[in-house]
Amino acid sequence: MKKTFNVLMVLSLVAAVFFNLFAVDASAQDKTEIDTLRVAFVPSRDPEEIITATEPLKQLLIDELAKEGFDVKNVEISVGTSYEAVGEGMAAGTIDVGLIPGGTYVLFEDDVDVLLTSTRKGLSKDSENPADWNDGKETEQSDEQVTYYKGLIIAGPSEKGQELAKKINDGEELTWEDLDSAKWAVMSSSSSSGYIYPSIWLGQNFDGKQISDLSNVVQSDSYPSSVARLASEQVDIIVGFADLRRDNAEAWTKDMGREKSIWEETNVIGVTPNVYNDTVSVSKNSEVMTDELKEAVANAFINIAKTDEGKEVIAIYSHEGYQPATSEDYDTEREAQKILREQDKDAE
């Protein structure tokens, strides 16, 4: 009897071992294998800085997607040469996932699906009145999480920049001639705060004018290069997101040769309507992007943003977290694109 019991025990243990091995093997087989997931960022910061900061994202994505049932062998991260280049890559299916602004998403929405919108900390200054931003003190982050940011038109330390800033701070209104006589640096035409919303601001305040109507405009390949142009007085005005000066405050004196702080030497001369935050979007034409993978990618980014390591990675874009997004969230961006198209027709 005892021998029979022992034999049964041994057989039960052997069966359990085989069952567990089979279960592990079956679990591995159940995972969908993906050789390479291609993720691209827009060049809103220095490309090398973005590549360095986002290196840990590769393994974080691999680990999170494994929990979602996907065995991703490799995550490839790149930074586009322009906002449009990322959109074009997603449209062509050579980029699977893009962290792109709302303007870029809307421009390429026939070939791109939006999954998430980013959240970020609000700022201590949030006024529509430009003079309220010009107290010479640092704009600080608040604890409030927001899904939008304001675009700013910023005048620099050049003689013309200071002339325009004085009018604003004295409570005077700028004229089109004031702005047209200045030298501007802008971003690519699909950049929300770097082109689209400043164009809307011009249209709303100066009889339908837009950036293409300005006499002296150069396009920068990144926001830091715009700030550098402002610091060297090559341009009088730059445009960008509301915490642009915060991001470049140290470089202003350390790398760009200015003696006074960026808060003392630059002034806001215009504030755009609110811009909805950046997206995590995916290509409709990607060979690997299924509905299941879309859901997995969305969950992965949400979960990554909750970890300390993940927060450090996404801080490169001032992102603090992510929440599900819908196409309707970007109706304001569509209106922005519509206004620009109408302005283009009027200019012809």
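**Exercise 1. Determine how β6 is paired and how well it is covered.**

Begin with β10 (residues 267-276), which pairs with β6 in the antiparallel sense over 7 bridges; here two strands pair if DSSP finds at least two bridges between them, and helices (H or I, at least four residues) and strands (E, at least two) are DSSP runs numbered from the N terminus. The model is predicted, so that local features need pLDDT of at least 70 and side-chain atom pairs count only at pLDDT 80 or more, while totals for chains, interfaces and linings use all residues. Residues are numbered from 1 along each chain as its sequence is written, and side-chain values use heavy atoms, with hydrogens and water left out.

Within this pairing, I153 has G270 of β10 as its bridge partner. Next, take strand β9 (residues 237-241), which is joined to β6 by 5 bridges and runs antiparallel to it; in this pairing A155 stands opposite I237.

**Exercise 2. Give the strand order of the open sheet and explain why β8 and β10 stand at its edges.**

The open sheet has 5 strands in the order β8-β7-β9-β6-β10, with mixed pairing. β8 (217-219) and β10 each have a single partner strand, and therefore one side of each is left without a neighbour in the sheet. Neighbouring strands are turned by 25° against each other on average, direction ignored, with axes taken as lines fitted to C-alpha atoms, for helices over the stretch in contact, and angles otherwise running from 0 to 180 degrees between N-to-C directions. A parallel element of the pairing is found between strand β7 (residues 184-186) and β9, over 2 bridges, where W184 stands opposite I237.

**Exercise 3. Describe the largest pocket and the largest cavity, with their linings.**

Grid points are joined across faces, edges and corners, and a volume is the space filled by probe spheres set on the points.

The largest pocket has a volume of about 420 Å³. Of its 20 lining residues, E128, P130, W201, N205 and I269 are the closest to the centre. α8 and β10 each supply at least two residues of this lining, and β10 gives the largest share, 6 residues.

A search of the whole structure finds 1 cavity of 30 Å³ or more. The largest cavity holds about 190 Å³ of space, and among its 18 lining residues S44, R120, F241, D278 and Y317 lie nearest its centre.

**Exercise 4. Classify N248, D255, E233 and S318 as buried, partly exposed or exposed.**

N248, in helix α10 (residues 244-254), counts as buried because its relative accessibility is 7%. Leaving aside neighbours within four places in sequence, N248 is in contact with P224, V227, M256 and I262.

D255 lies in the loop between α10 and α11 (262-265) and counts as exposed, because its relative accessibility is 60%.

E233, in the loop between α9 (223-231) and β9, is partly exposed at a relative accessible area of 37%, and has a positive phi of about 65° although it is not a glycine.

S318, placed in the loop between α13 (308-314) and β12 (321-324), is buried at a relative accessible area of 15%; S318 has a positive phi of about 65° although it is not a glycine.

Note on methods
Buried < 20%, exposed > 50% of the residue type's maximum accessible area, 1.4 Å probe, protein only. 1 Å grid on protein atoms, 1.4 Å probe; cavity = no way out; pocket = protein on both sides within 12 Å on 5 of 7 lines; lining within 4 Å. Contact = heavy atoms within 4.5 Å.
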